[in-house]
Amino acid sequence: MWAVALRTMRDPEEAADALQEAFISAFRAAASFRAESQVTTWLHRIVVNACLDRIRRRQARPTVPLPETGPGEPVVDRDAMSDRETRLIVAEALASLPEEQRLPILLLDVEGYSVAEAARMLGIAEGTVKSRCARGRAKLAKLLGHLRNPSADANVPVEQADAARIRPTRRGEGR
Amino acid sequence: MTDMQQRGGTSGEPPLSLDVLADLHAGVVPDDVAARLWPRVRADPDAGATLAALDATRVDLAGLGNVPAPAMPAQFAARLDAAINAEVRARAAAGVAPVVDLNAARDRPRRARANRDPRKSRRLALTAGLVGVAAAVIGAAIVVLPGLGSNPSTSQQNAGGAPSSQLSVNSGQLGSVALAQALHKSDYGPLSNPPQLAGCLKANGQDPNQKPIGAMQINLDGKPGTLLVLTTGQLAQYRLLVVGPTCSATSPSTLANQVIGGIPTSISAPTTH
């Protein structure tokens, strides 16, 4: 659970606070536990929710936003990396995303929640979860060096035309 | 630079942007639009490569979820320990979901449990189970149950991840202190030889092929031994087996053998225990 809190909050101090809140609320909510679910699954959700609550409270305060990673960011040379290095770089790349993209991706792709579950936990529409994931994954694909020619794909002028063609039918928002 | 004309295929349409492909990949695009886009994707090798890149990105992200838990820094573990302790004591003082020594709860006759008010029993059971799970999943914070006692210095020592010499514990402490210390450790000491370990497990009535989820050297009531944490097949329930250095297929050399944690039968699946 420490690992879950740490990757959700990013800051150890904040992760420790969230974990503490999670366990206290787990104690208080013990009666709501349903025997059909695993205790660890139940606890995992409580920890993630405690983290998300803290992030929401933090966002309610004026803060300096994290800089968005620009298209000129160097991409990763994946050939010479060990698994451990890869994970570190993936974690750093994920951490570089704006929170509105990082959290849906964390819930779906790292923690394994469904789109519907993530939407409920984040309090946003399912379409919004998907589109924010799409934006974030596109950035990560560039940062992690998966795209063969990231500069050609990034910020291409046709993007606006394509987006304009799709936007009227796109549910939620993602920018 | 990618050849834009070539990427657009033969229809003369512009190439699909990364954003559009990411939307398609994430299921954002409505079905009717997606149906129009897929033929273009299939005709465009670069678009296919972009979708593969997005797949690879998801694989990378999934890998983050499998990273072994890092050690929780000592100061946070101590703080969490204190907070949970305070909550447990406050609840005990208020008479809400009294927290009991897990071992004492386990030793209580089953008939007495069955006669207890089911709601109260369920709360009690889960609180006890939760304490067990908390200790297990944090692996650093030592949950102290009233009356059981623990040594704060062991919490600090474990949380910092420092290599432990032989930890001295008494039988009463084994359940709470040793579990939090031993999980994920692989210090088999005299049982480092796999055949000897298998023989020792068998001599103690355990599955010789199972791999303990924790092993460490301890000093139990003044006797050196190896603490083996074994799963029981029951949720959040562990068997703590402590054996002496001579444990083998022909000598169980049992110093302790107890089951801790778990969600009692009142709220868990049927059990054969």
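Two residues are taken to be in contact if their C-beta atoms, placed from the backbone, lie within 7 Å. The structure is a predicted model, in which local features need pLDDT of at least 70 and side-chain atom pairs count only at pLDDT 80 or more, while totals for chains, interfaces and linings use all residues. Residues are numbered from 1 along each chain as its sequence is written, and chains are lettered from A and ligands numbered from 1 in the order in which they are written.

Chain B contains 11 helices and five strands, where helices (H or I, at least four residues) and strands (E, at least two) are DSSP runs numbered from the N terminus. Of its 273 residues, 40% are buried; a residue is buried if 20 or more other C-beta atoms lie within 10 Å of its own, exposed if 12 or fewer, and partly exposed in between. Among the contacts in chain B with a separation of 6 or more, 67% join residues 24 or more positions apart.

P245(B) lies in the loop between strand 4 (237-243) and strand 5 (254-261) of chain B. With 14 other C-beta atoms within 10 Å, P245(B) is partly exposed. Leaving aside residues up to four places away in sequence, P245(B) touches P190(B) and P224(B). The C-alpha atoms of P245(B) and P190(B) are 5.6 Å apart, although 55 residues separate the two along the chain.

A nonpolar core is a set of buried Ala, Val, Leu, Ile, Met, Phe, Trp, Tyr and Cys residues joined through C-beta atoms within 7 Å. The largest such core has 37 residues, of which L94(A), A141(A), L21(B) and A22(B) touch the most other members. Two or more residues each come from helices 4 (83-95), 5 (99-110), 6 (115-122) and 7 (126-143) of chain A and from helices 2 (18-26), 3 (31-42) and 4 (45-64) of chain B. Helix 7 of chain A gives the largest share, seven residues. A second, separate core of 26 residues includes A18(A), F27(A), V48(A) and A50(A).

Helix 5 and helix 6 of chain A pack with their axes 9 Å apart at an angle of about 140 degrees (axes are lines fitted to C-alpha atoms over the stretch in contact, and angles run from 0 to 180 degrees between N-to-C directions). L103(A), P104(A), L107(A) and L108(A) in helix 5 meet V115(A), A118(A), M121(A) and L122(A) in helix 6.
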